[in-house]
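Colleague: I'm new to this one. Could you walk me through how to read it?
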Amino acid sequence: MSLLVLEDVGLRFAGRVIVEGLSLRVSEDDRIGLIGPNGSGKTTLLRIIAEEQSIDRGRIERRRGLRVGYLPQDLAVEGGIALRDFVLSSVPGRMQLDDEHAAAEADLEAATARGAGDDELLTLAGRISELADRAAHFEQFFSEHEAMRILAGLGFATSDAGRDLGELSGGWKMRAVLAALLFQQPDLLLLDEPTNHLDMPSVAWFSEFLKR
Ligand SMILES: Nc1ncnc2c1ncn2[C@@H]1O[C@H](COP(=O)(O)OP(=O)(O)O)[C@@H](O)[C@H]1O
Ligand SMILES: [Mg+2]
């Protein structure tokens, strides 16, 4: 089964053809290298696949529930968050779930304080238990243990987990973003010139990583 099918896709920027008549099928286990001169539209094509750029014509079909991990060419990584939390919070829906859980608990506390009726308290408690189940599900599939395993695999020391993302060099920031992408268990990983900001040892490390 294909992960992704593009059919006769076309896109122009200000009348200039960037992509025309493009058909492409991406299957599981495919490894595809995209090569072309600067300005030929490589980044644009990846952004189309990542749903960050709309198309003028053609059709794109994604496998249902397809998870795409996208490492953009220009990484905008802000500090102010610990490496471990950056990876943990990268899973879509995780932050929202934590927020909802906290809000539901505050609601129950407030309802209890003002002496709300049993029905209302039961409804609120039921909602908290449902949110707790979903949080446990997240914990099982996206555990801190797994985050640490991936960080270690990318060469981080255990003591790096608490470091602020902003303190890291360009190459290590890129590894941090990659760790967050891998943690999300994407079905399809898009890497746009991932070696741009890496020094030679990191490039060697990265090609080994991709081979594995
Ligand atoms: N959002 C945009 N609006 C207008 N032109 C764009 C936009 N994004 C890219 N382009 C132009 O489209 C062409 C392809 O760019 P890009 O996809 O970044 O190429 P590559 O990644 O192969 O270097 C370039 O001429 C670029 O200037
Ligand atoms: Mg590019």
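**Reading the model, feature by feature**

Modeller: Let's start with Phe183, which is buried, its relative accessible area being 0%. Buried means under 20% relative accessible area, exposed over 50%, and partly exposed in between, using a 1.4 Å probe and protein chains only. Before we go on: this is a predicted model, where local features need pLDDT of at least 70 and side-chain atom pairs count only at pLDDT 80 or more, while totals for chains, interfaces and linings use all residues. Residues are numbered from 1 along each chain as its sequence is written, chains are lettered from A and ligands numbered from 1 in the order in which they are written, and side-chain values use heavy atoms, leaving out hydrogens and water.

Colleague: How many aromatic pairs does the structure hold?

Modeller: In general, a pair of aromatic rings is described by the distance of the centres and the angle of the planes. Rings of Phe, Tyr and Trp (its six-membered ring) pair if their centres lie within 6.5 Å; planes under 30 degrees apart count as stacked, over 60 as edge-to-face and the rest as tilted. This structure has two such pairs. Phe142 and Phe183 make an edge-to-face one, with 5.8 Å from centre to centre and 70° between the planes.

Colleague: Which parts does the pair of Phe142 and Phe183 tie together?

Modeller: Phe142 sits in the loop between helix H4 (118-141) and helix H5 (144-153), and Phe183 belongs to helix H6 (residues 170-183), so the pair links parts 41 residues apart in sequence. Helices (H or I, at least four residues) and strands (E, at least two) are DSSP runs, numbered from the N terminus. Phe142 counts as buried because its relative accessibility is 10%. The other pair is Phe156 with Trp172, also edge-to-face: 4.8 Å centre to centre and 65° between the planes. Phe156 is in the loop between H5 and H6 and Trp172 in helix H6, so this pair joins parts 16 residues apart in sequence.

Colleague: Is Trp172 buried or partly exposed?

Modeller: Trp172 is partly exposed, with a relative accessible area of 29%, whereas Phe156 is buried at 6%.

Colleague: Now the metal. Which residues coordinate the magnesium ion?

Modeller: The idea is to look for donors, meaning N, O and S atoms within 2.8 Å of the metal (3.2 Å for Na, K and Ca); water is not among the atoms, so sites may look incomplete. Here the magnesium ion (ligand 2) is coordinated by Thr43 through OG1 and Gln73 through OE1, at 2.0 to 2.1 Å. Thr43 is part of helix H1 (residues 42-49) and Gln73 of the loop between strand E4 (68-71) and helix H2 (83-88), so the two tie together parts 30 residues apart in sequence. Thr43 is partly exposed at 25% relative accessibility, and so is Gln73 at 22%.

Colleague: And which residues are around ligand 1?

Modeller: A residue is near a molecule or strand if one of its heavy atoms lies within 4 Å of it. Around ligand 1 that gives a list including Phe13, Arg16, Ile18, Pro37 and Lys42. H1 supplies the largest share of this shell, three residues.

Colleague: What about polar contacts there?

Modeller: A polar contact is a pair of N or O atoms within 3.5 Å; within protein, one must be able to donate a hydrogen and the other to accept it, and residues adjacent in sequence count only if both atoms are side-chain atoms. A backbone N or O atom of Gly39 is 2.8 Å from an oxygen atom of ligand 1, and for Gly41 the corresponding distance is 3.0 Å.
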